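Hi everyone, thanks for coming.

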Amino acid sequence: MALLDVEDLSVTFARRGQRTVHAVDGVSFSVDAGEVVGLVGESGCGKSVTSLAIMGLLPKQPGLRVGGKAVFDGTDLLQLDDRSRRDIRGRDVAMIFQDPLSSLNPVIPIGLQVTEVLTRHRGMKGAAAEKEAAELLDRVGIPDPKRRLKEYPHQLSGGMRQRALIAMAVACQPRLLIADEPTTALDVTIQAQILELLKELVRDSGTALVMITHDLGVVAGMCDTVNVLYGGRVVETARRRPLFREPRHPYTVGLLASVPRLDAGRGERLNPIPGSVRDLLPWADGCAFAPRCARRVDECVGEPPALVLAHDGRSYRCVNPAPLPGTLPPPAAAGAAPAAEAPAGTAKAAEATAGPVPAPREEEKP
Amino acid sequence: MTESEFLVEVRDLKVHFPIRRGVIFDRTVGHVKAVDGVDLSIPRGKTYGLVGESGCGKSTLGRALLQLNPPTGGEVRFDGVELTTLPAGKLRSMRRRMQMIFQDPMSSLDPRQNVESILTEGLQAHGIGGDRDERRRIIGETLDAVGLPRWALSRYPHEFSGGQRQRIGIARALVLGPELIVADEPVSALDVSIQAQVVNLLDELQDSLGLTYLVIAHDLAVVRHISDIVGVMYLGALVEEAPSDRLYTEPIHPYTRALMSAVPVPDPDVEDRRERILLAGDLPSPANPPTGCRFHTRCPWAQPTRCADERPALRQIGGSRVACHFAERIASGELRPHKVGVQLTRPLGEGEEPHTVSAPTEPGSYV
Ligand SMILES: Nc1ncnc2c1ncn2[C@@H]1O[C@H](COP(=O)(O)OP(=O)(O)OP(=O)(O)O)[C@@H](O)[C@H]1O
Ligand SMILES: Nc1ncnc2c1ncn2[C@@H]1O[C@H](COP(=O)(O)OP(=O)(O)OP(=O)(O)O)[C@@H](O)[C@H]1O
Ligand code: SF4
Ligand code: SF4
Ligand SMILES: [Mg+2]
Ligand SMILES: [Mg+2]
């Protein structure tokens with residue numbers, strides 16, 4: 001049994017007079033102690049909502065519905081009352097966000113914020129708590145920690161704030177840490193420092209880490225297992241190497257072909273995925289990626305593609321996956337090639353949706 | 001007059017912003033040296049990529065080049081014409097030939113204007129296209145070039161996706177028929193799959209229209225992909241400049257090396273093999289940059305002599321220009337990197353009392 005088992009998690013936002021948003025639509029994944037599990041995908045695919053739902057931090061607004069389970073060490077986090085959730089949060093489960101400033105209290109010195117966590121979750125008080133706080137700041141690479149304890153968040157740089165937040169997350173020695181784009185707002189050299197810090201935490205304390213990011217490079221360097229999300233569902237799950245070496249889901253294939261790489265030459269044209277994430281087919285009507293998919297066949301539309309379980313824990317949600325290298329491609333299905341097939345003209349045709357699939361487009365509110 | 005190989009030549013460009021303090025007596029207490037002595041040249045029809053960390057002065061340099069920020073000193077020559085001393089009227093007509101594309105297409109487009117009026121505005125301002133039909137034709141061609149459908153004309157910016165909005169931004173720049181385009185973080189607000197579409201579009205437009213680009217970005221992989229020459233900035237100055245392939249295969253300056261090694265590559269095999277040069281600490285404040293070599297507080301190769309008190313000039317080394325006293329000995333491997341202790345860096349505006357703002361009621365309640 002994994003440390004955290006998320007099963008069929010769904011989150012919908014309903015608002016009167018507006019279409020119901022299925023932000024998360026049946027997401028399942030699991031995380032073991034000492035494991036780094038990645039959630040990747042483009043803007044709006046439901047990464048943050050997934051993590052907030054697990055943590056019980058979604059804004060309590062009318063029309064919000066959360067379904068499914070998130071079982072942490074035998075307890076379903078989604079069924080907890082506020083009090084017990086607050087106890088678990090911080091003690092066993094912690095979260096860090098993209099913007100450290102929004103999760104630090106601006107009018108309380110850093111030190112007090114760290115010692116407060118220590119008092120609440122580890123029962124430490126006074127000088128002992130202060131000493132431990134300084135040690136934590138030191139451990140995450142904040143210079144001159146004793147003095148830093150008295151400073152306010154705005155007196156620290158972005159990188160130092162993110163460290164302070166990690167220090168607070170580490171303070172309660174959580175067994176599970178969820179990091180939502182922890183380095184997206186930071187420069188690459190600072191990002192490298194923070195990622196190293198997170199790796200150390202996993203290595204030394206056996207913390208399970210859920211790493212949310214849109215950066216495939218970060219995934220390649222950090223994650224043991226990767227879940228690729230599209231339109232609120234996990235469309236592919238694989239261990240790190242197989243995912244990068246032989247992606248099966250056409251969306252994963254497309255993502256990998258669109259990222260410019262530092263070690264590729266000048267002038268190599270990228271192969272973008274045509275259209276944008278707004279060209280979504282509701283999952284109920286078929287594959288959400290169908291309006292942009294180069295491998296689309298007739299079976300893709302009508303009902304949602306089922307999850308296919310392959311060997312060694314891989315799975316993908318696709319009826320016509322990319323062939324494994326070395327195997328014969330399946331016989332080309334007639335009518336399978338939408339206009340998007342030809343990469344050459346894609347920039348021109350780029351955002352024009354190909355084919356007969358009705359795609360909600362400009363009508364949506366951004 | 002023979003045409004120079006370079007469309008843009010920048011010499012010893014400086015942009016300093018005064019730091020003011022005090023409510024009653026508005027006095028200048030110092031300067032942020034956002035750009036502090038930059039030399040660079042952009043060949044016609046090529047792309048110059050400018051990289052560096054947040055706050056190193058990339059945008060300020062781009063804006064100064066277009067005279068959108070008045071430079072504090074130095075020269076900017078565009079097609080042989082010195083811009084810094086050009087009278088306002090002449091500058092206005094030069095502006096048509098140099099256009100800018102911004103990071104966030106939404107905030108740079110007026111939400112109340114439809115696409116047609118966004119595009120017509122520039123044409124009218126510069127008196128291009130004699131009559132309505134002529135303007136229609138130019139606009140139509142521009143839409144085709146950036147891959148937007150004709151029906152886009154009657155729509156408003158919020159009706160488009162991020163990638164399409166960036167296309168509108170590019171169309172607005174292109175419609176005037178410019179020779180130089182300064183693109184400030186043109187793709188950093190976009191999703192990966194959309195980024196690739198816009199990068200390819202910029203490439204195609206350069207091929208078909210012979211445009212010259214200055215592309216500013218913090219994403220080194222994007223810059224590598226589209227640039228012929230890359231300049232690396234640190235605290236207001238260039239530390240290294242080289243042809244794109246050379247910079248990435250043989251970075252010489254310690255900062256360039258650290259920067260390259262920090263960029264994640266989407267390939268587990270590469271990631272597991274790489275050695276990272278982890279820099280200690282943050283970027284020092286440009287209001288109070290370190291003496292000597294500005295990188296010496298974080299440089300793993302820093303030496304006891306010269307680094308702390310003598311500012312290195314950009315020198316030609318092999319096919320690169322490098323600002324480091326010890327470049328040759330670092331390149332040859334004679335000097336080895338060492339560990340650097342973290343020094344404290346503070347955000348600008350340090351030391352003021354925190355304002356009381358609405359705050360979570362419990363300390364640490366967010367964790
Ligand atoms: N409070 C809310 N009310 C209504 N819709 C919401 C709310 N929060 C999120 N959504 C919607 O849920 C979907 C998923 O959002 P989410 O923030 O999880 O995306 P994400 O994958 O984290 O994207 P990003 O990479 O941009 O952070 C989006 O379509 C978003 O508009
Ligand atoms: N109008 C201004 N007045 C005062 N200081 C400024 C002004 N514009 C920029 N600066 C300062 O100049 C420095 C360089 O800013 P600039 O925006 O050029 O950096 P950048 O390299 O583009 O960074 P980023 O990657 O964050 O966009 C920063 O320290 C910034 O605070
Ligand atoms: S199910 Fe069909 S449309 Fe969806 S990703 Fe697979 S091939 Fe493409
Ligand atoms: S001059 Fe000295 S401090 Fe500066 S980059 Fe070279 S070795 Fe490092
Ligand atoms: Mg998010
Ligand atoms: Mg900038």
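Before I get going, one term: when I say two residues are in contact, I mean they have heavy atoms within 4.5 Å. And keep in mind that this is a predicted model.

Okay, with that word in hand, look at chain B. Take its contacts with a separation of 6 or more: 63% of them come from residues 24 or more positions apart.

What is chain B built from? Twelve helices and twelve strands. If you follow the C-alpha trace along the principal axes, chain B spans about 70 × 65 × 55 Å.

In chain B, 56% of the 367 residues count as buried. The accessible surface of chain B is about 15,700 Å², and carbon and sulfur atoms make up 50% of that. As for charges, chain B has 42 positive and 48 negative ones, and their mean positions lie 4 Å apart.

In soluble globular proteins, nonpolar side chains tend to be buried together. Here, the largest nonpolar core has 66 residues, and among those touching the most other members are A:Ile166, A:Leu209, A:Met222 and A:Tyr251. Which helix of chain A gives the most to this core? That's helix 7, residues 158–171, with nine residues.

Last stop, A:Met222. Leaving out residues up to four places away in sequence, A:Met222 touches A:Val36, A:Leu195, A:Leu198, A:Lys199, A:Leu209 and A:Met211.

Terms used
Residues numbered from 1 in each chain as written. Chains lettered and ligands numbered in written order. Predicted model: local features only at pLDDT ≥ 70, side-chain atom pairs only at ≥ 80, totals over all residues. Heavy atoms only, no water. Helix = DSSP H or I, 4+ residues; strand = E, 2+ residues; numbered from the N terminus. Buried < 20%, exposed > 50% of the residue type's maximum accessible area, 1.4 Å probe, protein only. Areas by Shrake-Rupley, 256 points an atom, 1.4 Å probe, with all protein chains shown as cover. Lys, Arg positive; Asp, Glu negative; His and termini not counted. Charge placed at Lys NZ, Arg CZ, Asp CG, Glu CD. Core = buried A, V, L, I, M, F, W, Y, C linked by side-chain atoms within 4.5 Å.
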